[in-house]
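This report covers the fold, the surface and the aromatic contacts of the structure shown below.

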Amino acid sequence: MDEQLQAKRAEIVRAWVERTVEMYPADAAKFLLRVNDPFSNPVGTTIALELEFLFDALLRDVPPDEVVPRLDRVIQITSVQDVGSARAVSFVFALKEVIRRALAADRADAGLLRRCLEFEQRIDALALLAFDSCSRFLQRIADIRVREAKRRVWSLMRMLKVDWDHLPAEEEGAGG
Amino acid sequence: MTSEAKPDQMAYYDREKLGQVDLRPGGADWMDVPVNMRPGSFIYPAKEKHLQYFGLPNPRQWFPTDPDWKLPANWKEIIIEGMRERLSKYRSFQVFMDICVRCGACADKCHFFIGGGDPRNMPVLRAELLRSIYRREFTQAGKILGRLAGGRELTVDVIKEWFYYFYQCTECRRCSVFCPYGIDTAEITMMGRELLHLLGVNVNWIMEPVANCFRTGNHLGIQPHGLRDTLDFFADDIEEATGVRVEAPLNRKGAEVLFVTPSGDFLADPGTYTCMGYMCLFHEIGLDYTFSTYASDGGNFGLFTSHEAMKRLNAKIYAEARRLGVKWILGGECGHMWRVLNQYMDTMNGPADFLQVPTSPLTGTRFEHARSTKMIHITEFTADLIKHGKLNLDPSQNDHVRVTFHDSCNPARAMGIFEEPRYILRSVCNHFHEMPENTIREKTFCCGGGAGLGTDENMEMRLRGGMPRASAVRHVHEKHGVNHLAAMCAIDRATLSTVCEYWVPEVRVTGIHELVTNALVMKGQKKREVNLRLEPIGAQAEE
Ligand code: SF4
Ligand code: SF4
């Protein structure tokens, strides 16, 4: 299985990226796929780069702590697209169909389906991580809202000696 | 595919549609796709009392998702007449309506399109929202050929679309840098908003500050005694950090310089530290200056409202300069204040003949370029001080800071002030790193919250719009360990803090004069162990 997928790696990754940017309207998708400069097109280039990494990670079955930071990069983007959390993680599931399409020609191979289902278990595991990641980012947005409101009236609250402690604190690492 | 396929058969999975959500508008012409008002993208309407206070039409209760926006009965006539009036009054508007060749050079240059992917946030299409009505109503071809000539009928849906998209433009003017004809989509947005105002279609995040500023002198509605208390409170913090007691003169007649800064610097974190920075600097050099309560905001949300509102708010600063009898005006780290000043002030309220050409009392430098407005930017003033060796600086006090600089849209694109802030940062920090070339200077990316968009009901949209900026920040964070993002604009300091917390939480936002003062060796200071935020500094902070 892994060899079959490895052989079609480029084709699969390309199709997976294309399916993922379909989240956007057609005119935007064209731009996201076409422009290669990471600063002119941070969304498209991030998706392309990270999906490639994630696909390789699935092939090598790497542990979650290596996968999560890279998965986060994509989910961080999809979590603010106002499309809801189901759509924000849907790109992971899309990989299943992409792979089945890519392997369609090998249908005659009797063991393919079993191996395919095995590989899909890895995709399912990735999907669970994606849900996790998405809820973390949604929570981050909620916390940021509170902190922003806090910052807006910072000097006033300090002059009034208001105790902030019950409000969400800054994230670990914030402020360098 | 067969419909009988079972889950253990390959064909079953071929049909799998889970996650295959098609958001494509199906290739239809954009004119046929009605606007979809997504919560998280629009801003709440202005409250009636603010419109009444400023004397604006049609105050009422309404909400963007209501089917009926309670427009005046003759709304269509109002818009057409409003357009006619503005086409004859503003030549740029007429020209921008006529000359776009739809080359597409601007299409992928807007941060909202880049980060969010909504095609109507392509500048060319944003302008087309208004231009299509112009063609239909004001050009022969459009009147006769309608749709074939790119015209469309003015309907209530068009008004809704304008509201939705003209408040998804931060008037940052990045797109105009790439347009071969110099079409400034920000000006088109401004016209769109002016027209919407005629119908009472506006947003609270802008109208409340405008009404406040008109009443109390600043957007936040801080009253004179509140401002006095705030500045004294800052002086206490400064004393704790430096051991030096500084003054903050307020409404002092006969001062040489009137200092005007955005009111965010008085209230909001981290702008407050920048304000403390100014106070320390002025104390150290013995500047004869005053803050004012009546002109306690350099910001001008009138710019995001209408030319008339902008003029009224800008006039206050000059009225106050006259009343106090100052010689010239020094402006703080504000963004759009400088657009108003450089591009509109002179026509609206100038020339300020009763003032003198700004001249630094310490170096003798005459700022000739401000001959007419009599107002200069604080980075010009400070860079000149540093250049002449007037400040005793110890950049090692900022050694824990690895800083990059965000060019704020207005000082960059409306003023061309690129070198002074960089020169200052390099003088006060040992670690300064630039972001990639296509994201700085005149090509800088907006924070996503300018032009009155920095509220919280549209947080997701701001985060999408801030993403291109954040990507460049992340790049220098990963490459050079950058942990501070400096910006000379109050809106930036507020909204980029949020953008960074979401995209690059390792980086925090600072003003330039916060860093200046943290490196400033003040006469009579105690051994500096903490910065203005009362946090450990220099090498200690790195441990
Ligand atoms: S770059 Fe200028 S001429 Fe070209 S589409 Fe944009 S606004 Fe029109
Ligand atoms: S002015 Fe800025 S926000 Fe508005 S369309 Fe142009 S790039 Fe986008």
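## Chain B: burial and fold

Of the 543 residues in chain B, 65% are buried. The model is a predicted one. In chain B the secondary structure amounts to 24 helices and seven strands. Its radius of gyration of 25 Å is close to the 24 Å given by the globule rule for 543 residues, so chain B is as compact as a globular protein of that length.

The C-alpha trace of chain B extends over about 85 × 65 × 40 Å along its principal axes. When contacts in chain B between residues at least 6 apart in sequence are considered, 76% of them join residues at least 24 apart.

## Chain A: fold and dimensions

Chain A contains eight helices and zero strands, which gives the pattern α-α-α-α-α-α-α-α along the sequence. Its radius of gyration is 20 Å, whereas a compact globule of 176 residues would have a value near 16 Å. Along the principal axes, the C-alpha trace of chain A spans about 75 × 35 × 30 Å.

Buried residues account for 51% of the 176 residues of chain A. Among contacts in chain A with a separation of 6 or more, 69% are between residues 24 or more positions apart.

## Surface and charge

Chain A has an accessible surface of about 8100 Å², with 54% of it belonging to carbon and sulfur atoms. For chain B the accessible surface is about 19000 Å², and carbon and sulfur atoms hold 50% of it.

Chain A carries 26 positive and 29 negative side chains, and the centres of these two sets are 4 Å apart. In chain B there are 63 positive and 67 negative side chains, with 5 Å between the centres of the two sets.

## Aromatic pairs

Over all chains, 22 aromatic pairs are counted. One of them is formed by Phe259(B) and Phe291(B), whose rings are edge-to-face at 5.5 Å centre to centre, with 80° between the planes. Phe259(B) belongs to strand 1 (residues 257–260) of chain B, and Phe291(B) to the loop between strand 2 (289–290) and helix 15 (307–324) of chain B, so the pair ties together parts that are 32 residues apart in sequence.

Phe259(B) and Phe291(B) are both buried.

Methods. Residues numbered from 1 in each chain as written. Chains lettered and ligands numbered in written order. Predicted model: local features only at pLDDT ≥ 70, side-chain atom pairs only at ≥ 80, totals over all residues. Heavy atoms only, no water. Helix = DSSP H or I, 4+ residues; strand = E, 2+ residues; numbered from the N terminus. Rg over C-alpha atoms; globule rule 2.2 N^0.38 Å. Buried < 20%, exposed > 50% of the residue type's maximum accessible area, 1.4 Å probe, protein only. Contact = heavy atoms within 4.5 Å. Areas by Shrake-Rupley, 256 points an atom, 1.4 Å probe, with all protein chains shown as cover. Lys, Arg positive; Asp, Glu negative; His and termini not counted. Charge placed at Lys NZ, Arg CZ, Asp CG, Glu CD. Phe/Tyr/Trp six-rings, centres within 6.5 Å; stacked < 30°, edge-to-face > 60°.
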